Amino acid sequence: MLNLIDTHAHLTFTELADSIDDVLARSIAAGITKWITVGTDAEHNEQAVKLSQKYENLYAALGIHPHYASEYSPSHLQRLVELIGSGKVVAIGETGLDFHYNFSKQDSQRDLFKRLLEIASLCRLPVIVHSRNALDETMQLLEKYADRTTKIVFHCWSGTIEETRAIIDRDYYISFTGIITFKNGDIARECVKTVPLERMMIETDCPYMSPEPVRKQKINEPALMIHTAKKIAELKGVDLETLAEQLEVNTREFFGI
Ligand SMILES: [Zn+2]
């Protein structure tokens with residue numbers, strides 16, 4: 001029996017939340033037995049904590065996505081800090097910079113990212129980073145605003161080999177989604193080969209990013225992460241059980257669960 005952990009799921013999104021019991025049952029049957037549900041705004045942070053209190057092996061990360069950086073208010077951050085005290089909050093995130101879509105002004109994104117990094121450092125929580133078309137600046141802000149001991153994971157990774165090496169050189173972690181199974185995912189697969197097993201995590205980013213061979217399935221869910229795990233095992237030349245064990249060690253150490 002596998003014990004994989006989906007380190008980045010949006011289980012509070014209606015696509016999944018409306019049938020959460022079935023979603024989690026299918027996940028357990030597939031060998032994905034723990035989940036971190038990731039907040040993207042004030043409302044989903046509230047729901048993430050509630051969900052984590054209801055289900056034993058489900059944990060919460062609290063953050064505000066860079067897409068919504070323009071909308072955040074100081075009261076949202078104050079509430080986020082209060083929620084950390086409610087237990088089962090294992091990380092700050094997601095947070096970061098998205099200069100690809102630029103749904104929020106870049107200055108708002110920077111400002112929010114800095115604040116969340118400071119909160120993570122003060123509360124001694126690891127950080128789940130979203131970075132798109134903004135790696136240099138993401139790295140600079142991490143260096144400047146995160147405490148040296150703060151653990152960092154780049155989620156849904158799809159950068160270049162060079163960028164991957166830069167992240168690993170800084171002792172950060174990298175988390176892979178179904179992108180590594182996509183037909184056009186050659187670079188992502190090279191990245192999997194580049195990242196040492198001890199520095200790797202796995203996630204769905206559901207309800208998005210269904211992996212091959214079920215990419216047609218519009219709503220991704222934790223059960224489907226098995227396809228991503230199998231592909232990583234193949235690329236690393238290890239069996240699935242060995243991979244699952246190593247990923248579990250990484251994830252437990254990183255998030256303290
Ligand atoms: Zn996400």
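This is a predicted model: local features need pLDDT of at least 70, side-chain atom pairs count only at pLDDT 80 or more; totals for chains, interfaces and linings use all residues.
**Entry 1: a pair of strands**

I started with Val-38, which stands opposite Ala-61 in β3. I then checked the strands there: β2 (residues 32–38) and β3 (residues 58–62) run parallel and are joined by 4 bridges. Strands pair if DSSP finds at least two bridges between them. Strands (E, at least two residues) and helices (H or I, at least four) are DSSP runs, numbered from the N terminus.

Residue numbers start from 1 along each chain as its sequence is written.

**Entry 2: the whole sheet**

Next I looked up the sheet. It is open, has 8 strands in the order β1-β2-β3-β4-β5-β6-β7-β8, and its pairing is parallel. At the edges I found β1 (4–9) and β8 (200–202), each pairing on one side only. On average, neighbouring strands are turned by 30 degrees against each other, direction ignored.

Helix α3 (residues 42–54) lies across β2, β3 and β4 (89–98), and runs at about 160 degrees to β3. Angles go from 0 to 180 degrees between N-to-C directions, and axes are lines fitted to C-alpha atoms, for helices over the stretch in contact.

I also looked at how α3 packs with helix α4 (residues 74–84): the angle is about 10 degrees and the axes are 10 Å apart. That makes α3 and α4 roughly parallel to each other (under 35 degrees; over 145 is roughly antiparallel, 65 to 115 roughly perpendicular, the rest oblique). Ala-42, Asn-45 and Val-49 of α3 make the contact with His-76, Arg-79, Leu-80 and Leu-83 of α4. Contact here needs C-beta atoms, placed from the backbone, within 7 Å.

**Entry 3: α7 and α8**

Helix α7 (residues 161–169) and helix α8 (residues 186–194) have axes that come within 9 Å and cross at roughly 30 degrees. So α7 and α8 are roughly parallel to each other too. In α7, Ile-161, Thr-164 and Arg-165 meet Glu-190, Cys-191 and Thr-194 in α8.

**Entry 4: Ala-120**

Last, I picked Ala-120, in helix α5 (residues 106–123). Is Ala-120 buried or exposed? It counts as buried because it has 26 C-beta neighbours inside 10 Å (20 or more is buried, 12 or fewer exposed, in between partly exposed). Leaving aside neighbours within four places in sequence, Ala-120 touches Ile-92, Leu-125, Val-127, Ala-146 and Thr-150. The C-alpha atoms of Ala-120 and Ile-92 are separated by 6.0 Å, though the two residues are 28 apart along the chain.

Key:
Two residues are in contact if their C-beta atoms, placed from the backbone, lie within 7 Å.
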